[in-house]
Amino acid sequence: MPVLTRGDGPLWTSRDPREARNRFLKWLFGLVVFFIAFRFIAQETMWEFVADAPFQAADFISRMFPPDFGYTARVLPSLLDTMNLAIFGTFVAVVISVPLAILAAKNTSPHQLVRLVALAIIVTTRSVTSLIWALLLVQIVGPGLFAGMLAIAVRGIGMISKLFYEAIEEIDQEPIEAIKSTGASTAQVFLYGYVPQLMPTFVGVTVMRWEINIRESTIIGIVGGGGIGFLLNSAINRLRWDQVIVILFTILVTVFVAEWISAKAREAVL
Amino acid sequence: MLEIRQLKKKYNAGPLALQGVDLKVKKGEIIALIGPSGAGKSTLIRCINRLVEPTSGEILFHGVDICKLGTKDLRATRKKVGMIFQEYALVERLSVMENILSGRLGYVGFWKSARRKFPAKDIQEALELLDKVGLSGYANTRADQLSGGQRQRVGICRALLQSPDLLLIDEPTASLDPKTGRQIMRLIVELVQERGLAAIINIHEVNFAEMFSERVVGLRDGLIVYDKPAGNLDSSSLTTIYGEEDWEATMPKLDSEDESCEEVSS
Amino acid sequence: MTSTPKEVERVWKKPPRIKSLGLRVLLGLALLAYVIYALNSFEVDPERIAYGMGRAGKMFGAFLKPNFLARQNYIIQGVLESMAMTVVATGFGVLFSIPLILGAAKNIAPRPVYFLSRLILVVFRSLHVVILAIMFVIMFGFGPFAGLLTLIVNTVGFLGKLGAEDIENINPETLEAIKSTGASWPQQILYGVWPQIATRFAGLVIYRADQSFRQSTVIGLVGAGGIGAVLETAMGRYDYNTAGAILLVIIVLVLLGEYGSSAFRRRLV
């Protein structure tokens, strides 16, 4: 924060003029981009619909009540399916992620080329969300829980492997050296040096991912991945708002419970 | 039993860490390796079990050049060369017993070690070692719950359990307070002498080197500049190893500290 | 050192994590039963999969020869829409999150405001983007406007929660020092709070923009605009070459966004 000297003694400003101008230009640039983007969206928007939205919202909210509690009987089995989907999706993802992460980590990868391939798989599976994977998988294995489970698993591979291989790269090397210096084989070094050090991270990441997968699996049914999302989609299409609210409420409760379990479980392993 | 000839090590970025070290170690000999930080002490002992790959030179262990060994023979050699680390290098989330038994990994197959099924003889020996270092009853304690001194004791047990002929000991006291450090040094020397092992001890404290070893070797800038039986260090040899400093002023202070420790640890 | 007699055969076994053998067996059986039941619930239909594998081959073959040109204009339009939604949603999101951030920080907000703000944030955060998008599409019609609102709600929820946590973690002494000069509440915020969280908040905004872009690729599947809508159409027509091209575009853009955002955040520190 410069002190400038003008005719009548020192003068303090929080920024010198050049910095102030640069800042102004950056903000101006940001604003211009913002307005261009906004205009672009405005052009694509049917403003009549937007004007109508409050009435629409009031209408369907009013039709949510009284909720169709009898529908719970259909919702609960499908919620159970959703849980299975999330659990198995996570399980499959973890089983594949462990070797993949070992191949992708700098310090454990057998070869630079293998590492690149592993990283490519991680990047691809990670950058595409599970809903898009479900869209592809539904056409291959047919709509249903199996497609949803695979979609959750594929996305999970990318997310879990990334955290796993970062954990492997950050491992404390001294205990590894100690185990090596006892004459242990490579497999034994893994077992006694790597596994115990990585266990907390692995468990934490897995539980965390399971929680996210519960959320994801509630919507995977919208594109044909089975579970509670499928019911949600059909209730919306049939304009049965009294059923929609039952489903939404169930999803909310499930997500909260999952969050709670995951927080407790992560506390326990630390 | 160990003969190092013209050992050189160059790290990717940087000058020669070892510029041609020659060193002979006899059976049962305890050598203290002293020198300023960055002199290459740590590199030297890590070259001996090839945790660091030497760039050139020979390391003859029982007449076999360690530098030329393939993976399998290297592992067999490592079994016979125990190592004790500055930061203990325990696997924190394993129990004390598992840490100690990991010293036997070179002798036990993969599946046996995975199921923690070690031969009864190994387990018995491990328990005896625990008694000897004063950690009876800690077998199932997790390593991360021990104090520094206790961890180093576990580290010592692990190295001894692999029934080595040679022990490489890297700054065993640098992470400990003076009193505990002294106890640990005494324990190491006691156990090494009892088993007739050879040992190379990297050590910071010059007075420990003089007190606990039979031979003191000084390393400076990757070269051996001093090699005499213990008890011969004077201010001129310290200057050779560490460079210019007013040694007369420091030496008496170290001595008085020793005496005060003597009382507590006995 | 100890009085344990040496003649006694001493053994050690790794203590099991669950002590009772019966409980271990019971848990094992329960797990097995669950796995069998759950696997059955997936209703894997080998015939359908066998049929699908042919299609999978076609799909991946086509993905290897992506066709960017056939529906070039739609792809460009979709990408621009996704980007525009991200930019506008981040702008509005920051704007709307500020009152909530201040309100949801325990150390500077009065009790009732605190609870109200936290309640709003919980509601905003608990609904999955896709469900939100469906709702907004029903209310506001198809197109990027619904997507924009979805992303704004998500951005506000994210920034609100983490921003408030940052304020709760500020050094209270600094704030007290500013208070003791007799500064008004807005002055306290400006001089005691904002300088302490500015860098982290900028980091959060950039991270959130990256997340918004990711989400903008998927909400199109339910009609809320962006590149996802173009992908849906291509898949619906079994036009796998175009779908492959779109997937590639998404992967590359998401990666660019991720690297850009982490590079930006590293410069902030």
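A polar contact is taken here as a pair of N or O atoms within 3.5 Å, where, within protein, one must be able to donate a hydrogen and the other to accept it, and residues adjacent in sequence count only if both atoms are side-chain atoms.

## Basis of the model

This is a predicted model, in which local features need pLDDT of at least 70 and side-chain atom pairs count only at pLDDT 80 or more, while totals for chains, interfaces and linings use all residues. Residues are numbered from 1 along each chain as its sequence is written, chains are lettered from A in the order in which they are written, and side-chain values use heavy atoms, with hydrogens and water left out.

## Chain A with chain C

Between chain A and chain C there are eight residue pairs in polar contact, both residues being at pLDDT 80 or more. Helix α5 of chain A (residues 130–141) supplies the largest share of the side that touches chain C, namely eight residues, where helices are DSSP runs of H or I with at least four residues and strands are runs of E with at least two, numbered from the N terminus. By class, that side of chain A comprises 39 nonpolar, eight polar and seven charged residues, with Gly counted as polar and Asp, Glu, Lys and Arg as charged.

In total, 54 residues of chain A are in contact with 58 residues of chain C, contact meaning heavy atoms within 4.5 Å. The two chains bury about 4,900 Å² between them, 77% of it on carbon and sulfur atoms; buried area is the accessible area (1.4 Å probe) lost by two parts on being put together, summed over both. On the chain A side, A:I41, A:Q139 and A:I140 lose the most area to chain C, together 14% of what that side buries.

One salt bridge is found across this interface, the term requiring a side-chain nitrogen of Lys or Arg within 4 Å of a carboxyl oxygen of Asp or Glu. It joins the side chains of A:R126 and C:E258 at 2.4 Å, N to O.

## Chain B with chain A

Here 31 residues of chain B are in contact with 19 residues of chain A, and the area buried between the chains is about 2,100 Å², of which carbon and sulfur atoms give 61%. A salt bridge links the side chains of A:E177 and B:R46 (2.9 Å, N to O). On the side of chain B that touches chain A, two or more residues each come from α2 (71–79), β6 (81–84) and α4 (110–114) of chain B, and the classes there are 14 nonpolar, eight polar and nine charged residues.
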